[in-house]
Amino acid sequence: MNYDFLVAVLATAVVAGTPILYAALGEIVCERAGILNLGVEGMMLVGAVTGFIAALSTGNPWAGVLMALLAGGAMASIHAFLTVSLKANQVVSGLALTLFGTGLSAYIGKAYIGMPLPNPFRPVEVPVLSEIPFLGAILFRNDPLVYLSFLLVPLLWFLLFGTRAGLNMRAVGENPAAADSLGVNVFATRYMYVIIGGMLAGIGGAYLSLTYVPAWMENMVAGRGWIAVALVIFATWNPVNALIGSYIFGGIHALGFRLQTLDVSVSPYFLKMLPYLFTIAVLIFVTRKNNLNRIGAPKALGLAYDREER
Amino acid sequence: MKFGGGLITLEKRAAPSPVMAVLVPVISVVLALLVGAVFLKLTGQGPFPIYMEMFSRAFGTRYGLSETIVKSIPLMLAGLGVAVAFRMQLWNIGGEGQLFMGAFAATWVALNFPDQPAWFLLPLMFFAGCVGGGVWGLIPALPRAYMGVNEIITTLMLNYVAILWVEYLVYGPWKDPQGYNFPLTAKFSAGAILPTLGDSRIHAGLLFGLTIAVVLWVVFNRTRWGYEIRVIGDSPGAARFAGMNIPRNILVVMAVSGAVCGLAGMAEVSGLMHRLQPGFSPGYGYTAIIIAWLAKLNPLAIVLVAFLFGGLQVGGYIVQTSGVPATMVAMLQGSVLFFILGGDILLRYRLRWRRPPDTTVKGKEVGT
């Protein structure tokens, strides 16, 4: 493995990890507020297809991002209504969101399959920073959405751990009854972060259709939404860890992809299995480690809050 | 809790409403069809004629009805399979992968013993299908039982692995040399094919489904074990206190759940396709989740719901000729589940209009 190959793999890891990073950041926000949303895959798919259509018809990829953000948020608001207001089972509601999103995205994307996008996001070299040896080529010769995610990570970290709003968010996820009695509006808080989470998942999906591929294909998210859900556990609900985790998962994707271009006598089907098998292995390892260190999910995660039952 | 500016209030019911238990699924299906109608309208289709055609072709003709039953077989089996796990609140989302591994194992038997008679081959394939799916269910059950590793994600990841494994086989070592390079295995020998009803395509897999539905109904409602898995699901703390072995139950339940899903795969290859090919399931394992939930995990109701969903699948294929994407069916199924979930609140709560009920004697004291 020579220097150029290493740089190429690591640069691909960042690009391949970015959609997962957006989705994982969204899910962290949502779970921190106490709502488990297993609809990430579906929200990403709807974000991917609506973003693609908007970018294609306006000629501006940013319109695609905006559309994907709105579509992801709209999808998430269904989940918020069902789980926060109607106290439905969060696992099943999230699954419904994924199943619905898979069908919906395929339905609206039917006419757009295989169409090329003439105006995808293109890499922009950051002056000075891109000249840093090694790291410059990996981190600072990317497209604007990658840079946006660089900004989003510290921003969310600060929101979570450095602001009053973040404290309220975590309180609602850990002990909604206590937060409620201190005057935090549990319902509004949960609605807000579930929807923000959906918006980020939507952008993650749009990254695939606006930059990574860039085109629309049915089911193009291919399990990345689920990997993002797993990644949240790996990241112990911390945005900075999610960044590291996303690039590791991106690296596995990239390695599988790069190995195919070399002369490796492993079937491509086995290489394609790598990210999924790796997710399982990591999940087992991390769950064990979290158990030992007594790090757990937000205490009220998955539980509906009922004022009359506190 | 209040809605609509206090016009509607919710009042907890002492027991779930039996009327709503029937009414909610029916209304949910109607509302989901309305959502579908909106999308059809938006894409310039006439919703009513489309629905009429779907319904009459899927249930109204002899051929349509038999196709509906054919499609309902894998849905029924996979629905029963995931229901076993859901009953214990184990979220087996891996029905699709277990179905593929059941099909793989049954195919392995069929391809390796081509000259054996049916009385020998079919039971062996039945067994192989159960083992293939059961092992695929057991793999995520082990870390779940002993380390508490989230089974939702692991079962789902294994779906992708199973599908890729079958693709590897049919594009590679199992590809039929006489198949003009299509990704198919060789056709099964006569002994490896399930009998069919008359000259229709309805195969003996239907009997598997009906039998298992009855067996599971008895197990769930009339046996100690059925009671045990329900208690573990509802309150693990009480179950542990009562001395129930939770890890062992997780392993058994996931193995049974996977085995029944695996049988769905075996029935598809042995009864319908007579060979293994990629993409033979349009997501039966996922639709099964909706079916199981819609049927409230009642095995007998699963048979009925699977039949209706089979019709939906057939109707969806038929209206493709009128330019309606078949994926509309997936969308309809997803929205049915939304309405069911939302409607469940009517089971647990009573809606009261205008005058809020007297709240002085409600609930526990405020604070912890």
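Chain B has 13 helices and 3 strands. The model is predicted. Start with the overall form of this chain. Its C-alpha atoms fill a box of roughly 80 × 60 × 35 Å along the principal axes. A compact globule of 368 residues would have a radius of gyration near 21 Å, and chain B, with 23 Å, agrees with that.

Now look inside. Of the 368 residues in chain B, 49% are buried. Next, take the contacts in chain B with a separation of 6 or more: 80% of them join residues 24 or more positions apart.

Two packed helices are described by the angle between their axes and the distance between the axes. In chain B, helix 12 (residues 299-319) and helix 13 (residues 328-348) have axes that come within 9 Å and cross at roughly 150 degrees. Angles over 145 degrees count as roughly antiparallel, so helix 12 of chain B is roughly antiparallel to helix 13 of chain B. Which residues meet here? From helix 12 of chain B come B:F309, B:L312, B:Q313 and B:G316; from helix 13 of chain B come B:M328, B:V329, B:L332 and B:Q333. By class, this contact has 5 nonpolar, 3 polar and no charged residues.

Finally, turn to where the chains touch. Chain A brings 41 residues to the contact and chain B brings 39 residues. On the chain A side, helix 3 (61-85), helix 4 (90-109), helix 10 (224-234) and helix 12 (268-292) each supply at least two residues. Helix 12 of chain A gives the most, with 13 residues. By class, the side of chain A that touches chain B has 26 nonpolar, 9 polar and 6 charged residues.

Methods: Residues are numbered from 1 along each chain as its sequence is written. Chains are lettered from A and ligands numbered from 1 in the order in which they are written. This is a predicted model: local features need pLDDT of at least 70, side-chain atom pairs count only at pLDDT 80 or more; totals for chains, interfaces and linings use all residues. Two residues are in contact if their C-beta atoms, placed from the backbone, lie within 7 Å. Helices (H or I, at least four residues) and strands (E, at least two) are DSSP runs, numbered from the N terminus. Ala, Val, Leu, Ile, Met, Phe, Trp, Tyr, Cys and Pro count as nonpolar, Asp, Glu, Lys and Arg as charged, and the others, Gly among them, as polar. Axes are lines fitted to C-alpha atoms, for helices over the stretch in contact, and angles run from 0 to 180 degrees between N-to-C directions. Angles under 35 degrees count as roughly parallel, over 145 as roughly antiparallel, 65 to 115 as roughly perpendicular and the rest as oblique. The radius of gyration is taken over C-alpha atoms; the globule rule is 2.2 Å times the number of residues to the power 0.38. A residue is buried if 20 or more other C-beta atoms lie within 10 Å of its own, exposed if 12 or fewer, and partly exposed in between; C-beta atoms are placed from the backbone.
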